[in-house]
Every structure is written in structure tokens, then in C-alpha cells.
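User: I am new to this structure and would like to learn how to read its features. Please take them one by one.

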Amino acid sequence: MGGAAMSEGSCYCGALTFKTPDTSLWCAHCHCTMCQRAHGAGFVTWVGYPEDKVEVNGPTLRWFQSSDRGARGFCQTCGSTVSFKGRKWPGELHIARANLGDINRQPAGHAHIESRVPWIEKSD
């Protein structure tokens with residue numbers, strides 16, 4: 001990667017690690033029902049990167065085609081859902097924010113707010 005500054009992250013068990021560029025493309029919360037079910041959470045915060053700039057290490061990455069529009073990457077050892085690739089965002093890899101160390105931005109928006117769970121109030 002030419003010595004560029006990188007951020008690091010991993011799945012829950014650490015078998016799957018990745019390095020991302022210090023500069024992300026965006027960061028936002030997704031409230032879609034697929035993210036809710038895949039993560040067992042009311043919403044998921046994602047960070048977007050150019051796919052060719054993310055370095056993934058470890059033999060445990062597996063992909064689940066969650067719809068005709070996208071696939072979710074997870075660790076086969078611990079089950080952590082760590083990434084997403086979607087037809088709508090060619091060339092991007094989305095990494096779950098909780099699996100990353102420091103990044104260059106705060107979440108700047110909400111997607112699929114119409115699917116927001118009723119116990120979470122949008123305050124930003």
C-alpha cells in the first residue's frame with residue numbers, strides 16, 4: 001500500500017483482521033431490517049472505503065449473499081459480521097464501525113430511517 005497511513009480493526013475473536021486507509025469515504029448509521037437482523041442490533045454504523053484500499057488478513061472471512069443487492073462478510077470462527085458489499089456502491093467495502101479503531105470522521109447521517117426500531121429516537 002505504498003507506506004500510506006492505515007487504521008486497523010478486527011472481528012470479535014481477532015482471527016480476521018483488516019487495515020483501512022486513514023481517510024474513509026463516509027460514515028453513517030443504517031436502520032434497514034437486514035442490518036438489524038445480521039447484527040442483532042437496532043441499527044449498524046458503517047464506514048465506507050475504496051475496496052481496493054482495504055487489506056483483509058486471515059482465513060476466516062466468509063460471504064453471505066443477504067439479498068440480490070448485496071453480501072455481508074463475516075468471520076466463520078466467531079460469527080462477527082464485519083463488512084458489506086452492495087451493488088449500489090461498486091468498488092466500495094463497508095466495514096462495521098464497531099470493528100475499527102480510530103477513524104477520521106463521525107457518523108454523518110442515517111439510512112433507511114423508515115425501518116427505525118421504535119425504541120431508538122433519532123436525535124441528530
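Analyst: Strand 3 runs parallel to strand 10 (residues 110–111), and two bridges join them. Strands (E, at least two residues) are DSSP runs, numbered from the N terminus, and two strands pair if DSSP finds at least two bridges between them. The model is predicted: local features need pLDDT of at least 70 and side-chain atom pairs pLDDT 80 or more, while totals for chains, interfaces and linings use all residues. Residues are numbered from 1 along each chain as its sequence is written, and side-chain values use heavy atoms, leaving out hydrogens and water.

User: Which residue is the bridge partner of His29 in strand 10, and which in strand 4?

Analyst: His110 is the partner in strand 10, and Thr45 is the partner in strand 4. Strand 3 and strand 4 pair in the antiparallel sense, over five bridges.

User: How many residues of strand 3 are buried?

Analyst: Buried means under 20% relative accessible area, exposed over 50%, and partly exposed in between (1.4 Å probe, protein chains only). In strand 3 (residues 26–30), four of the five residues are buried, so the strand is largely enclosed by the rest of the structure.

User: How many disulfides are there?

Analyst: A disulfide is a pair of cysteine sulfur atoms within 2.5 Å. The count is zero. For Cys27, the closest cysteine sulfur is in Cys30, 12 Å away, too far for a bond. For Cys78, the closest is in Cys13, at 3.8 Å, also too far for a bond. Cys27 is buried, with a relative accessible area of 2%; Cys78 is partly exposed, at 29%.
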